[in-house]
Amino acid sequence: MPQTLMIAGALCFGLAMSAGVLRYQAQQGSMAQAVSLQGGVHLEAVEGVLVGDTQVTSKKNRRFDVSVQAAEFGAPGIKVRCEWKRAVFSLTLITGAGERMPAVTSIRAERLKSGDFIWVDERDLKVSGTLPLLARLRAAIAARFASALFAVAGRAGALAHALLLGVKDELDTEFKGLFQSAGCAHMLALSGQHLSIICTLAALAAKRVLHREKLARRASLVFAWFFVWLAGPGPSLLRAVFMLTAAEVGRMLDRPQSSFALLSLASLMLALFDPSSITSLSSIYSFAAMAGLVLFAGRFDYALRPYMPAQISQAFAASCAAVCGTAPVSILVFGTFVPAGILAATIAAPVMLVFMWLGLGAGLIGVFLPIVASVSAPLLGTLQDVLLAILSFGAWFPALQTGTGMVDRALFCAGIVSIWVLIYAVPMLQWKKSRAQMQRMRLILPSISPWGGLSL
């Protein structure tokens with residue numbers, strides 16, 4: 001098939017998928033607006049199931065994302081109940097800090113109070129029915145592993161819980177703020193980096209048991225899906241596991257794909273699986289960081305390799321490349337740019353790696369042998385102190401503020417992007433120039449014969 005036709009078909013397909021996602025989000029938004037205050041009619045109660053596990057907000061409240069299946073409206077002398085055969089929109093409810101509820105929990109919220117957000121008191125939030133078997137199994141496994149983590153990690157249990165299960169409920173607010181001030185907030189959220197660390201450990205264990213690389217690779221993929229199911233299918237984790245799945249399917253079909261093709265396939269799969277989250281900020285950050293790694297990691301590594309050891313060069317190049325992708329997003333959304341995050345993330349990455357490997361291994365062993373906590377707890381506590389020192393060092397450097405106006409942010413972003421373009425383009429231009437010189441030399445100089453003479 002001609003390349004131009006393939007590009008045109010891919011563009012049309014991408015536009016059609018984008019239009020479908022935007023239409024889906026518009027329908028959900030219009031339904032959510034319909035339940036707000038209008039003409040004296042107010043929303044009194046909703047029934048539905050939780051889309052994901054409840055999350056603690058920055059103000060220590062608890063957030064519920066409910067897939068609404070029934071809604072009750074009220075007005076003076078009028079009460080109306082609407083029911084749907086399937087959930088057609090999601091609604092976010094805020095309540096006081098309470099117990100964590102797993103996904104797929106059926107709830108009923110009454111006496112809703114509308115404002116900047118929809119508030120419900122804890123006493124007016126009721127759990128209806130029982131969890132399905134898989135949901136109960138997931139909650140039981142997560143609770144058992146979480147209790148083992150807190151036991152084997154000691155005072156670093158909250159950090160281990162956040163890094164290995166994505167639950168930041170017990171993590172101190174100042175600790176989370178330190179990650180943000182150092183430009184390392186992405187390291188705290190479950191993402192492809194965490195999944196790769198966990199899958200690498202699973203692959204090493206599977207290779208020792210199965211003694212075959214192909215089977216070990218597929219076993220690690222199964223473990224990756226299990227971990228996503230256990231921790232909750234967030235956009236970053238879904239992006240990573242979709243890329244791993246697409247890569248393995250490509251190998252099975254003898255059609256290996258490039259990293260950028262895998263990233264594109266992951267975006268398509270996420271749009272089909274969860275169209276409401278494909279445009280969320282966490283999803284944009286995840287895809288932007290991965291795109292930066294694909295485009296710039298090799299070029300930064302090539303530029304830095306003559307001046308530092310290979311391992312340090314690769315780690316520093318990865319941090320620089322990830323910032324290349326996420327910096328425009330941070331500037332346009334928040335108006336801030338933290339250059340020190342490159343250095344802090346490079347230094348903190350190996351500490352996080354050791355912390356996660358030790359925490360995961362100790363947590364799995366601690367389920368059966370709690371005595372391992374006497375060794376793992378001091379080690380994990382020391383690693384947490386080292387990580388705090390690195391983050392404090394990164395937070396000491398000032399962040400660049402670009403102002404509140406979108407014009408200022410756009411101009412600053414354009415300047416940053418122009419630097420990235422030069423970093424990407426200069427090596428390519430040098431390579432093309434050297435290649436053109438070699439072709440000219442081949443045309444001018446006679447070729448050398450195998451016997452050492454010149455062939456005219």
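**Close-up 1. Arginine 305 and its partner, aspartate 301.** In this predicted model, arginine 305 is partly exposed, with a relative accessible area of 36%. Its side chain meets that of aspartate 301 in a salt bridge, and the N to O distance is 2.6 Å. Aspartate 301 counts as buried because its relative accessibility is 16%, and the cut-off for buried is under 20%. What brings two side chains like these together? Side chains of opposite charge can pair when their charged atoms come close.

**Close-up 2. Aspartate 65 with arginine 63.** Here's another salt bridge to look for: aspartate 65 pairs with arginine 63, and the closest N and O atoms are 3.1 Å apart. Are these residues buried or exposed, or something in between? Aspartate 65 has 29% relative accessibility, so it counts as partly exposed. Arginine 63 is partly exposed too, with a relative accessible area of 39%. If you went looking for salt bridges through the whole structure, you'd find 20 of them.

**Close-up 3. Glutamate 72 reaches arginine 108.** The side chains of these two residues meet in a salt bridge, at 3.1 Å from N to O. The pair links distant parts of the chain: glutamate 72 sits in strand 3 (residues 62–75) and arginine 108 in strand 6 (residues 106–110), 36 residues apart. Arginine 108 is buried, with a relative accessible area of 19%. Both residues also belong to a network of salt bridges, whose other members include Glu47, Arg81, Asp124 and Lys126.

**Close-up 4. Strand 1 and its two partners.** Which strands pair with strand 1 (residues 42–50)? Strand 3 is one of them: eight bridges join the two, and they run antiparallel. Look for histidine 42, whose bridge partner in strand 3 is glycine 74. Strand 6 pairs with strand 1 as well, over five bridges and again in the antiparallel sense. For that pairing, find valine 49 and its bridge partner in strand 6, serine 106. While you're tracing the strands, keep a handy rule in mind: in a regular strand the side chains alternate between the two faces of the sheet.

**Close-up 5. Threonine 57 in its loop.** You'll find threonine 57 in the loop between strand 2 (55–56) and strand 3. With 22% relative accessibility, threonine 57 counts as partly exposed. Which residues does it touch, once those up to four places away in sequence are set aside? They are Arg63 and Ile94. For a sense of scale, the C-alpha atoms of threonine 57 and proline 378 are separated by 30 Å, and the two residues lie 321 places apart along the chain.

Close-up 6. Helix 11 covers residues 340–366, which is 27 residues. At 1.5 Å a residue, the helix should span 39 Å, and its end C-alpha atoms are 37 Å apart, so the two values agree.

**Close-up 7. Phenylalanine 355 and the nonpolar cores.** The largest nonpolar core has 63 residues, and Phe355 is among those with the most contacts inside it, along with others including Leu159, Phe179 and Leu391. Beyond its neighbours within four places in sequence, phenylalanine 355 is in contact with residues including Ala156, Leu159, Leu163, Leu380 and Gln384. Another core, of 18 residues, lies apart from the largest one; Leu43, Val46, Ala71 and Leu93 are among its members.

Terms used
Residues numbered from 1 in each chain as written. Predicted model: local features only at pLDDT ≥ 70, side-chain atom pairs only at ≥ 80, totals over all residues. Heavy atoms only, no water. Helix = DSSP H or I, 4+ residues; strand = E, 2+ residues; numbered from the N terminus. Expected span 1.5 Å × (residues − 1). Core = buried A, V, L, I, M, F, W, Y, C linked by side-chain atoms within 4.5 Å. Buried < 20%, exposed > 50% of the residue type's maximum accessible area, 1.4 Å probe, protein only. Contact = heavy atoms within 4.5 Å. Salt bridge = Lys/Arg side-chain N within 4 Å of Asp/Glu carboxyl O. Pairing = 2+ DSSP bridges.
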